[in-house]
Amino acid sequence: MAKFDENARPFSEKWLDERLGVVTLKKVLSTEYWIPKDINFLWAMGMVLAATFGLLLISGIFLLMYYKPDAALAFDSVNYTIMTEVGYGWLWRHIHGVGASIVFLIIYIHMFTGIYYGSYKKGREMIWISGMLLFVVFSAEAFSGYMLPWGQMSYWAGMVITNLFSGGSLEAYGLVEWIRGDYVPGDAFLTRFFMLHVLLLPLVIIGLIVLHFGTLRLPHVNNQKGEEIDFEEAAELYKAGKKKESKVIPFNPVFLSKDVFVMGVYFILFFYLVFFHFNFAMDPVNFDPADGLKTPPHIYPEWYFLWSYEILRPFNKDLGLIAFGIAQIALFFLPFIDRSPNVAPAHKRGLFNLWFWVLLADMIVLTILGKLPPEGIYNDLGLVAAIVFLLLGPALFVITKMEKKI
Amino acid sequence: MKELKVLAVVVFFSLLVYWGVEPFAHGQMHKHVDGDNFAYSDLPEITKKGDAVNGGNLVMGAGACLGCHSIKSQGMPAPMDAGTAAASYGVNPPDLSNIGALYDEKFLAALIKNPAHALNVEHKFDPAAGKMHPMVAFYGAGGDIDQEVADMVAYFKSIAPKELSAKEAFDNACGRCHAMRYDKYTQLGDTPEFKYEKDALAYQIKVLEYQDHLKAYMGKLPPDLSMIIRARSAHFLETFVENPQTQLPGTSMPRVGLSKEGYEKVEAYLTEIGDPSKPQREALGPWVLGFFVIFSILAFLWKKYQWRDLH
């Protein structure tokens, strides 16, 4: 039995520390959690993501109070009840809709930052893998949420995406029906995606966020030069008051102050979109109620799925599915494909720099083509861009194998 | 500064993606239709100066308008109720009290002389094939037909109210085919409150019967327009209403002939019902943005303070 100070006032710091270890906890998680000093605003994207997730969670809770998961009622509960009758219901919905789209922009920026600075290597593999897991579950969360307003795009995107599970020539329609709970998307389909969206997937996301934070603690955050820092030594310097000489800063309050500033600027953009420019995130097509007898002329996923959608499209159905499958999991293996011994920003890594910008350009080209109607020159461009993406994997292996130690 | 360079790169690629998946992709997906700004340039100008008194006589007499239409503001009731009219004609013919305030006068003149042509539904109604438009064309009362038509249009303009509400505009131009369930409005008009459920159900049956006739007439039930203002772009709606064939070739929706002002009223009603938060959004937006501007300035000062002796 540990010792407890009989005279400690209840809920005083000492009292809490004896029971919960709050002093240690505060040090470990905040005031003595050391971050390199040599960073730029891209290092704030993690906190920006956490804040956006918070907004999605809060707005989602408010929407959940009025949303009706029923194929006959869902559309009107969103578009009439929430948008018209509930005080500020429109605000919560716009925050939720814009947040769901913008969160992926930040995720992509966060991912490309990690790739550029080599932040997935040498002890940081689990950061990358847990991050990729988050990306996948966020994608599932976004897709399931997109079903809920039960508009035309909800219905038809649901139809197209669940059809993928028939496995091309395998014709596993039994599996598709099992996923849908029906022959076509209907009430059973809507209610199970509702469950996934508001319960199971958010639980998994929260768990993964904790894991993702946890993976940072031992290898520490990377820095702009990819420099290996002796964090204990640097921390001693900082604590001794030699702040200029030390290469690290504490998370709280020094790093946090920069995070909060970046978040402020980000929220200006975010709320500008919420109030004045939301159509990109709330597709007009989805304001038509779901109609199984009326296929929209163009069915396309939200912008953040377009690049992988475009890897599926230009091939025949079996090859397309295989390519699509590879694209979904390829990025997980990045830390193991990259054989280079260097942790450094791309511009210091020769051919890898070229590889990075080709990857970025190719994913943007795929994204844009993914939304264009599959006709004429767009088909050819799509095929080239998809093949380039698939070749980038082996190319990375060769390039990094040849890379010399800096 | 290095951070600004990094920011410029991030902003550039984000905007490139935005441009590609929004303006560019949508430009490729939807054909561009140039509007005519409700000028109806394909229809002939009215060359004669109309005489409203003579027009009134024609409307009541030789024009035989009242055989099917009502002019409630002048005390002329409809010859039959909406349901019976729909059973006879497919759709309830409109009341003529305020058409002079809503529709283009060239369009009205062309409509009186040749309904199927003015309404742009000649692909559906072909007299040679025995498919007559339910509205009978006016063949003249013995005099100069163009003068007589001009007189009738002058009459409708003379009896039209000066002010027309947005909902009245919708009611006359769209409401006999399109419902607006978020305003408890059906093709029979505003749904009344009933004390007894059986009366409510009886009314619902009348609506369904009307809709069945309409379905047979149009090929399908025209869509409810509650959310149309958010489901289509402003440009699409404007050009579609002006001439449905440009955006949806072969559609059975007629050109309704709204004047520019008439269309603006209809659009105002669609916005009021389909996007009621618009005024609130525009009022609240600047305050929220202002808050985050101040927030960012304070956060910047705090950051400066925290980082003051680090370099």
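This is a predicted model: local features need pLDDT of at least 70, side-chain atom pairs count only at pLDDT 80 or more; totals for chains, interfaces and linings use all residues.
Biologist: At what angle do helix α5 and helix α7 of chain B pack, and how far apart are their axes?

Modeller: Helix α5 of chain B covers residues 105-113 and helix α7 of chain B covers residues 145-159; they pack at an angle of about 125°, and their axes are 9 Å apart. That angle makes α5(B) oblique to α7(B).

Biologist: Which residues of α5(B) meet which residues of α7(B)?

Modeller: From α5(B) come E105(B), L108(B), A109(B), I112(B) and K113(B), and they meet V149(B), A150(B), M152(B), V153(B), F156(B) and K157(B) in α7(B). Sorted by class, the contact of α5(B) with α7(B) has eight nonpolar residues, no polar ones and three charged ones.

Biologist: Let me try another pair. What is the packing angle of helix α8 and helix α13 of chain B?

Modeller: Helix α8 (residues 166-173) and helix α13 (residues 260-274) of chain B pack at about 105°, with their axes 8 Å apart. Angles of 65 to 115 degrees count as roughly perpendicular, and α8(B) and α13(B) are therefore roughly perpendicular to each other. On the side of α8(B) you can pick out A166(B), K167(B), A169(B), F170(B) and A173(B), which meet G262(B), K265(B), V266(B), A268(B), Y269(B) and E272(B) in α13(B). This contact divides into seven nonpolar residues, one polar and three charged.

Biologist: Moving to chain A, how do α3(A) and α11(A) cross?

Modeller: The axes of helix α3 (residues 45-64) and helix α11 (residues 251-276) of chain A come within 9 Å and cross at roughly 55°. That makes α3(A) oblique to α11(A), and α3(A) passes α11(A) in a right-handed crossing. Here M47(A), V48(A) and A51(A) in α3(A) meet D259(A), V262(A), M263(A) and Y266(A) in α11(A). By class, the contact of α3(A) with α11(A) has six nonpolar residues, no polar ones and one charged.

Biologist: What should I look for in the backbone itself?

Modeller: In chain A, the peptide bond from N252(A) to P253(A) is cis, with omega near 5°. P253(A) is found in helix α11 of chain A. In chain B, A64(B) has a positive phi of about 55° although it is not a glycine. A64(B) is found in the loop between α2 (52-60) and α3 (82-89) of chain B.

Biologist: How do I judge whether a chain is compact or spread out?

Modeller: The C-alpha atoms of chain A fill a box of roughly 70 × 60 × 45 Å along the principal axes. For chain B the radius of gyration is 26 Å, well over the 19 Å that the rule gives for 311 residues, so it is more spread out than a compact globule. The box for the C-alpha atoms of chain B is roughly 100 × 55 × 40 Å.

Biologist: Where are the domains of chain B, and how far apart do their centres lie?

Modeller: The domain assignment gives domain 1 (1-30) and domain 2 (31-276) of chain B. Their C-alpha centres lie 45 Å apart.

Biologist: And how many residues of chain B are in contact with chain A?

Modeller: An interface can be read from both sides: 42 residues of chain B are in contact with 42 residues of chain A. The elements that give two or more residues to the chain B side are α1 (2-29), α10 (228-231) and α14 (278-306) of chain B. The largest share, 17 residues, comes from α1(B). By class, the chain B side divides into 25 nonpolar, nine polar and eight charged residues.

Key:
Residues are numbered from 1 along each chain as its sequence is written. Chains are lettered from A and ligands numbered from 1 in the order in which they are written. Domain bounds come from an automatic or database domain assignment. Two residues are in contact if their C-beta atoms, placed from the backbone, lie within 7 Å. Helices (H or I, at least four residues) and strands (E, at least two) are DSSP runs, numbered from the N terminus. Ala, Val, Leu, Ile, Met, Phe, Trp, Tyr, Cys and Pro count as nonpolar, Asp, Glu, Lys and Arg as charged, and the others, Gly among them, as polar. Axes are lines fitted to C-alpha atoms, for helices over the stretch in contact, and angles run from 0 to 180 degrees between N-to-C directions. Angles under 35 degrees count as roughly parallel, over 145 as roughly antiparallel, 65 to 115 as roughly perpendicular and the rest as oblique. A crossing is left-handed if the near helix is turned anticlockwise from the far one by less than a right angle, and right-handed if clockwise. The radius of gyration is taken over C-alpha atoms; the globule rule is 2.2 Å times the number of residues to the power 0.38.
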